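This briefing covers one protein model and the setting of one of its residues. The sequence and structure come first, then the notes.

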Amino acid sequence: KMLLSLVDKGIKVDRGGPESRVGLLLSAEDDYFTLLTENDGIIYYSTQHIKSLTNHSKNQTEFNLEIPKDFEYIQADDFKGILNCLTLQWVKINRGGPETLEGVLDSVTDDYVIIVANEEIIRVALFHIRNISYGVKIEKTKKDKDKSGKEENKNNKEDNKNESKNQEEAK
């Protein structure tokens, strides 16, 4: 019920660390919720692994995505249903830390999923899947693209100045 009150609001999942993300809570179900993030797109989190949720965070980065009216994402009754819908898709499991895994989700059983990655067949216990995402992302608005493009150009110019200075010092 608490999660339902946060739907359509910006939240931060966990306080920090590799699994922590900031995004827009799209939906909340019994055992999972759906988060839309700027950099990672849609992430489905299993609620059994969530330590905290924060809204109105002071350190929260600004969330500037305009969601198109026809934007669609996978929905299911439970987390295992989400996994079944992602079969034969390129997915990323446990987005941060040493347990990150990317590959094609081959099949889902009652106890584990099978991922094919780098010519390996990997079985991951359902209990140990904290989150999963697939390739759906929303493009940034033109204004956001221009802003990031200007920052990139500025960084490239600074890099070029530093490189020229280093070459002259070397002479």
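In which loop is the place of arginine 15? Arginine 15 sits in the loop between β1 (10-13) and β2 (21-28). The model is predicted: local features need pLDDT of at least 70, side-chain atom pairs count only at pLDDT 80 or more, and totals for chains, interfaces and linings use all residues. Residues are numbered from 1 along each chain as its sequence is written, and side-chain values use heavy atoms, with hydrogens and water left out.

**Arginine 15**
- Arginine 15 is exposed, with a relative accessible area of 55%; exposed means over 50%, buried under 20% and partly exposed in between, with a 1.4 Å probe and protein chains only.
- Apart from neighbours within four places in sequence, arginine 15 is in contact (heavy atoms within 4.5 Å) with Ser20, Ser52 and Thr54.

**The pair with threonine 54**
- Arginine 15 and threonine 54 are 39 residues apart along the chain, and their C-alpha atoms are separated by 7.9 Å.
- Their side chains make a polar contact at 2.8 Å. A polar contact is a pair of N or O atoms within 3.5 Å; within protein, one must be able to donate a hydrogen and the other to accept it, and residues adjacent in sequence count only if both atoms are side-chain atoms.

**The whole protein**
- The protein has two helices and 10 strands, where helices (H or I, at least four residues) and strands (E, at least two) are DSSP runs numbered from the N terminus.
- From the N terminus, the order of elements is β-β-β-β-β-α-β-β-β-β-β-α.
- Of the 171 residues, 37% count as buried.
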